[in-house]
Amino acid sequence: MIKRLVQNTVISALAFGVAALLGLLVIPLIIRTWGVTEFGLIVISRLLLPGGMMAVLDLGLSEVATQIVARAREHRNWTQASHQITFLGIVSIALALILSAVIWLTTPLLVSAMKVDAAHLETFTRIMHYTALANLLFVPALVWEGTVKGFERYNLLRVAEVTSTAAYVGLTFAASWSAAGFEIVAYVYLGTLAARAVAIGIAAFVGLRHKHVRLLPWTPDVRRDLLHRCLLLLQGKLMGGISGPLQPFLIGLLFGPKAVGTYDALVRLSRVSKVVVSLLTSALLPVASRLDERGSTTSFQRLGDLGLIMMPMFVVPPLAATAILSPEIMNIWIGPLLAPYALWMGLSFLVPICAQYVAIGSLIFLTRPEVQARLNTLMAIQLLIWALVSAATLHLFAERALILGQVIGSIAVLPWQVGELRSALDLDRNRFARAIGTQLAILILASIFLGTIAGYIRFDSVLKLALSSMVFCLITWVLQYFMVLEKRHRTVFPAVGQLMGLTSKSS
């Protein structure tokens, strides 16, 4: 189980590294070829897909499907899984029909609310109609994707992800060279996502057929259990979505497509990093579900302990380096057009930095609804802070006020979130506080040092940025290895090496 987890994490890291890089290459191309307004219209259309704002309404279909399959692999009761998968599939179809109908029928209202100008009115309306139709496939595909995750076949998911992204990037470059309309980019995106969904659906069908899963009528107990889990996930997604994917939608209502394009460019790097990390940790959900099904309390606690300490250790340094070097990155990546707003791009990285301290803990406790409910309460408080700060500063910073609100909300609630996870895992308070405190001290001092150097040295090339970030990360990783990690944490490294075949058991 652990070997598969390590392999899936490595596969995910490589695949999403490639996919994220390809996706980032397209943004300056779109802005330079068609303009910020057109880029904003493309972003708005994508908000109404399950990967965008509609993710807050997906009822956690993928996560629940993952838990169903992972638990079935442990208790071997595939008849029960058949009842559950059937019910989840019916729910996904009903949700797809409702969302698609709502998007299609409200398109005229959305066009008016988003202040779409006459030149783009007809084209954007067609894009919205195709988006509505695409959701008929994409929403049920969430169950298919969760099923494949439950079987821990992340290699199939990542191949599909990289292939669809590469096709999208290649076709977008072709559209740019041929001087096609900007709507082609939106259609290409929908087409590549549809191909990915079909491939994953075939993989899910084959996996379930191999386990003799079939369509069976669900029982009242199955309906109550799954609806309870779905509603808890919906609650968390709604609160997380309002301070996340919903922000571009609100900006469009308040300021129009151009402000959406500006906002998306400012937060794209930080948002990609947050999504990539969350997708990496998604490999933990089937493992946590199986451990919980076994009643392996010690193993579950150790998994959470390693996640709370080691996840920030590895992920936060590159995020911090990117935040500090944001002015240089913005100038090289987008160009001088948005360079004056580079400080806001750096500020946005504080959101995924905070998220790393609770990412694994929040994910493994999806298996325990009582802990998930308490975490949802804290997220509601974070949302309230975001709303108050954003509303108070909207007249000063326009679309950037929503970045400021999210940053302050994330920082303010983080201590309570970490405390809740530590308590749920029953970790020693003093040892945990000492580890986190030392980790933060190292990162803050190293960040001040890098920021000071950046004031004297001109990082005007990708190579210089990469080398400086690499040195920063290596220094902070080494310091944390000796000053933060305890012996029980360090034993993970040789164990992972053995699982990956990099070291022998005798060493």
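## Spaces and helix contacts

Colleague: Which residues line the second largest cavity?

Modeller: This is a predicted model, in which local features need pLDDT of at least 70 and side-chain atom pairs count only at pLDDT 80 or more, while totals for chains, interfaces and linings use all residues. Residues are numbered from 1 along each chain as its sequence is written, and side-chain values use heavy atoms, with hydrogens and water left out. A cavity is a set of points, on a 1 Å grid over the protein atoms alone, where a 1.4 Å probe fits but cannot get out, and lining residues have an atom within 4 Å of a point. By that rule, the lining consists of S45, R46, L49, I127, T131, A186, Y189 and L190.

Colleague: Which element gives the largest share of that lining of the second largest cavity?

Modeller: Two or more lining residues come from each of α2 (36–47), α6 (118–150) and α8 (183–210), where helices are DSSP runs (H or I, at least four residues) numbered from the N terminus. By class, the lining holds five nonpolar, two polar and one charged residues. The largest share, three residues, is given by α8.

Colleague: How much space lies in the second largest pocket?

Modeller: A pocket, unlike a cavity, is an open set of points with protein on both sides within 12 Å along at least five of seven lines. The second largest pocket has 23 lining residues, and those nearest its centre are A320, L350, I353, I444 and S447. Counted as the space filled by probe spheres set on the points, its volume is about 530 Å³.

Colleague: Which helix gives the most residues to the lining of this second largest pocket?

Modeller: At least two lining residues each are supplied by α13 (297–324), α14 (326–333), α15 (342–348), α16 (350–356), α19 (401–425) and α20 (429–454). The lining has 19 nonpolar, four polar and no charged residues. With six residues, the leading contributor is α20.

Colleague: How do α20 and α21 run relative to each other, roughly parallel or roughly antiparallel?

Modeller: The axes, which are lines fitted to C-alpha atoms over the stretch in contact, with angles running from 0 to 180 degrees between N-to-C directions, come within 10 Å for α20 and α21 (residues 462–483) and cross at roughly 155°. Because angles over 145 degrees count that way, the pair is roughly antiparallel.

Colleague: Which residues of α21 meet α20?

Modeller: Contact here means heavy atoms within 4.5 Å. From α20 the residues are T438, Q439, I442, L443, A446, S447 and L450, and the contact as a whole divides into seven nonpolar, five polar and no charged. The partners in α21 are F472, T476, L479, Q480 and M483.

Colleague: At roughly what angle do α10 and α19 cross?

Modeller: The contact joins Q247, L250 and I251 of α10 (residues 246–255) to L402, I403 and Q406 of α19, and these residues comprise four nonpolar, two polar and no charged. The axes of α10 and α19 come within 11 Å, and their crossing angle is roughly 150°.

Colleague: How far apart are the axes of α3 and α6?

Modeller: In the contact of α3 (residues 61–75) with α6, L61, S62, A65, T66, V69, A70 and R73 meet V139, L142, V143, E145, G146, T147, K149 and G150. These residues divide into seven nonpolar, five polar and three charged. The helices pack at an angle of about 35°, and the distance between their axes is 7 Å.

Definitions and conventions. Ala, Val, Leu, Ile, Met, Phe, Trp, Tyr, Cys and Pro count as nonpolar, Asp, Glu, Lys and Arg as charged, and the others, Gly among them, as polar. Angles under 35 degrees count as roughly parallel, over 145 as roughly antiparallel, 65 to 115 as roughly perpendicular and the rest as oblique.
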